[in-house]
Amino acid sequence: MFLAIRELMHNKTRFLMLAIIFVLISWLVFILSGLGNGLASLAASTIKHMKVEYVVFEQGSQSSLSKSLLSEQLVDAAARQPNVKAAAPLGATMATALKGQSEKDEDKLDIAIIGIVPGSFLEPKVVEGGGLSGDKPTGVLVNISMKDEGFAIGDTFKLDGSTESLTIVGYVKGETYNHVASVFTPIEEWRKIAYAAPGSDNGVAKPINAVMLQGEGIHPRELNEKLPNTNTVDRKAAIQGMPGYKEESGSITMMLAFLLTISAFVLGVFFYVLTLQKSNQFGIMKAIGARNGFLAKAIVSQVLLLSVGSIIIGVLLTYAAAAVLPRAMPFILSTKLVVIYAIVLVIIALLSSLVSVRKITNVDPLKALGRVE
């Protein structure tokens, strides 16, 4: 460690350039991580926040709410099954809210209408205003992001292409579905909106999209046998079944994987070049008694100090960037992911130094002593 610190201090410019490259790489990794986490949250935070373990879909719907059509009668049947603690219906459909009485494009806002039973375990926590009530069927809870769009508690807005009007009774936080703000409404009102067209419910009595289940130890296969024409999956599979969610998450993961792979090669090449430039120095040190283990520890210590310092700076820059990014940008920094990627970057840096360590062990002291620079 002493040798590593002395060399870092002696060759400040050389190692500063390498540190800057590592800072930029780590910064980019954390930025992509935040964007990926933000997009994933924007696409499915409503389902992620629900306290459910399993979801019952229509058979053949590919675990997608938009493709599933069930009868609410299944809720009671599902609730009676073994290990099921509670069951509740859920409906989801896309819509467009109109501000005031205007129908101009700039006065329209895409939203997701989420139908639930008022007071059930699916109702999200209210941060401002009141909750849903069966006494007020047109009362809705909206994501607080709609506040910035000019929608206030007590306002009544219409839906584009519908005769229904909804009144905002409260705000909820962090509730989005399919990249738009979620609007929670009683399930009966949701049916009027989702199946307003005659015959759109295919003759299903009290249609819903899914049955949400609470309970541990539920066996999906057994449940599917007892509930005909259904497919039961866990919450993770239900989230993966959302349109575009798997592809979007996969794209971000692939970019991160490529970035980490490229960073490993870049760092490995830089460390190797630095080692080549100091081959004669290592040879002389080996000639006066320095062992390969001692020199290897010096190289690894250098890489460790450089990588940890660069990653810390990269984390600080990422949080600074997050503080100035627009609120509308889907950027969410997860402490867990930051720690995981920081550890991965350190491991990559250490692994990339192994090529340099191998080069040191092969240095011939006699050739180094006779080398002229």
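**Getting to know the fold, cores and pockets**

Me: How many helices and strands does the chain have?
Reply: First, a heads-up: this is a predicted model, where local features need pLDDT of at least 70 and side-chain atom pairs count only at pLDDT 80 or more, while totals for chains, interfaces and linings use all residues. Residues are numbered from 1 along each chain as its sequence is written, and side-chain values use heavy atoms, leaving out hydrogens and water. Helices (H or I, at least four residues) and strands (E, at least two) are DSSP runs, numbered from the N terminus. Counted like that, the chain has 12 helices and 13 strands.

Me: What share of the residues in the chain is buried?
Reply: Buried means under 20% relative accessible area, exposed means over 50%, and partly exposed is in between (1.4 Å probe, protein chains only). Of the 373 residues in the chain, the buried part is 46%.

Me: Which residues touch the most other members of the largest nonpolar core?
Reply: A nonpolar core is a set of buried Ala, Val, Leu, Ile, Met, Phe, Trp, Tyr and Cys residues joined through side-chain atoms within 4.5 Å. The largest one has 36 residues. The members touching the most others are Ile111, Ile113, Met146, Phe157, Leu159, Val211 and Leu213.

Me: And which helix gives the most to this core?
Reply: The helix in question spans residues 73–79 and puts in four residues. There's also a second, separate core of 30 residues, with Ala88, Ala112, Val180 and Ala238 among them.

Me: Which residues is isoleucine 111 in contact with, leaving aside its neighbours within four places in sequence?
Reply: Contact means heavy atoms within 4.5 Å. Isoleucine 111 is one of the members of the largest core that touch the most others. Past its sequence neighbours, its contacts are Thr93, Met94, Ala95, Thr96, Ala97, Met146, Phe157, Leu159, Val180, Ala181 and Val183.

Me: Which residues in helix α4 are buried?
Reply: Helix α4 covers residues 187–194. The cover over its buried residues includes β3 (86–98), β4 (108–116), β7 (156–159), β8 (165–172), β10 (180–186) and β11 (207–208). The buried ones are Ile187, Glu189, Trp190, Arg191 and Ile193.

Me: Why does isoleucine 25 count as buried?
Reply: Isoleucine 25 is found in helix α2. Leaving out residues up to four places away in sequence, isoleucine 25 touches Leu259 and Ser263. Isoleucine 25 counts as buried because its relative accessibility is 13%.

Me: How many Å apart in space are isoleucine 25 and leucine 260?
Reply: Along the sequence, the two are 235 residues apart. From C-alpha to C-alpha, isoleucine 25 and leucine 260 are separated by 8.4 Å.

Me: Does aspartate 160 count as buried, exposed or partly exposed, and why?
Reply: Aspartate 160 lies in the loop between β7 and β8. Beyond residues up to four places away in sequence, aspartate 160 touches Thr96, Leu98 and Lys108. Because its relative accessibility is 35%, aspartate 160 counts as partly exposed.

Me: What is the volume of the largest pocket?
Reply: On a 1 Å grid over the protein atoms alone, a cavity is a set of points where a 1.4 Å probe fits but cannot get out, and a pocket is an open set with protein on both sides within 12 Å along at least five of seven lines; lining residues have an atom within 4 Å of a point. Grid points are joined across faces, edges and corners, and a volume is the space filled by probe spheres set on the points. Of the 28 lining residues, Leu42, Asn143, Ser145, Arg327 and Ala328 are the closest to the centre of the largest pocket. Its volume is about 860 Å³.

Me: What gives the most to the lining of the second largest pocket?
Reply: This pocket holds about 380 Å³ of space. At least two lining residues come from each of α2 (12–49), α7 (245–277) and α10 (335–352). With eight residues, the top giver is α2.
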